[in-house]
Amino acid sequence: MNIIRMVLAAAIVFILQVTVAHTVSLGEASPDFVLILLIVMVMDRRPVLAVIIGFLLGFLQDLGNASYLGMNALVKSLTGYIIARYASDLLPDNSLFKGLLIFLSALAGDVILLNITLSFDALSVFVTFFRYSILSALYTAVAGIIVIKAIDILPGRTVRSGGGF
């Protein structure tokens with residue numbers, strides 16, 4: 001995925017996140033389209049590039065809600081690093097495993113965000129995590145599987161020798 005396609009995809013996903021995510025929410029759970037894009041972009045990439053992509057996507061997401069500026073950049077950077085460093089080699093090239101990866105990434109990101117926003121109050125983090133995070137992570141994973149399947153059936157899709165789309 002070249003840089004122009006990455007920027008265009010980030011802009012489209014940011015607009016979807018700001019405008020569509022709340023309208024397709026299930027109760028309090030809404031999909032994290034930025035996380036899906038991050039995972040699609042950083043699979044089979046070098047960890048340093050994955051951190052940069054994660055930071056930029058997270059910072060873009062922070063601009064949509066600047067009350068905790070930098071938290072999404074931190075979480076997406078960590079997520080990008082972990083996926084590029086460990087998950088790319090361990091998981092088979094299967095959309096269900098990528099969905100599991102999206103689910104676990106969403107849960108890990110929520111744990112970090114909840115701890116920071118709730119000042120490490122364990123009871124509040126625990127209650128909020130089980131009340132909102134699991135359904136939201138599941139919703140994001142299902143949306144991610146649909147996106148990954150859609151990418152797989154796109155005509156003219158080429159896979160570079162180093163991976164990626």
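Me: In which hand does α2 pass α6?

Reply: A crossing is right-handed if the near helix is turned clockwise from the far one by less than a right angle, and left-handed if anticlockwise. In this predicted model, α2 passes α6 in a right-handed crossing. Helices here are DSSP runs (H or I, at least four residues) numbered from the N terminus. The model is predicted, so local features need pLDDT of at least 70 and side-chain atom pairs pLDDT 80 or more, while totals for chains, interfaces and linings use all residues. Residues are numbered from 1 along each chain, and side-chain values use heavy atoms, without hydrogens and water.

Me: At what angle do α2 and α6 pack?

Reply: Axes are lines fitted to C-alpha atoms over the stretch in contact, and angles run from 0 to 180 degrees between N-to-C directions. Helix α2 (residues 33-42) and helix α6 (residues 122-153) pack at about 45 degrees, with axes 10 Å apart.

Me: Which residues of α2 meet α6?

Reply: Contact means heavy atoms within 4.5 Å. Leu35, Ile36 and Val40 in α2 meet residues of α6 including Thr140, Gly144 and Ile148.

Me: Which residues touch the most other members of the largest nonpolar core?

Reply: Such a core joins buried (under 20% relative accessible area, 1.4 Å probe, protein chains only) Ala, Val, Leu, Ile, Met, Phe, Trp, Tyr and Cys residues through side-chain atoms within 4.5 Å. Of its 34 residues, those touching the most other members include Leu37, Ile39 and Ile102. α2 gives the most to this core, with ten residues.

Me: Is serine 136 buried or exposed?

Reply: Serine 136, in helix α6, counts as buried because its relative accessibility is 15%.

Terms used: Helix = DSSP H or I, 4+ residues; strand = E, 2+ residues; numbered from the N terminus. Buried < 20%, exposed > 50% of the residue type's maximum accessible area, 1.4 Å probe, protein only.
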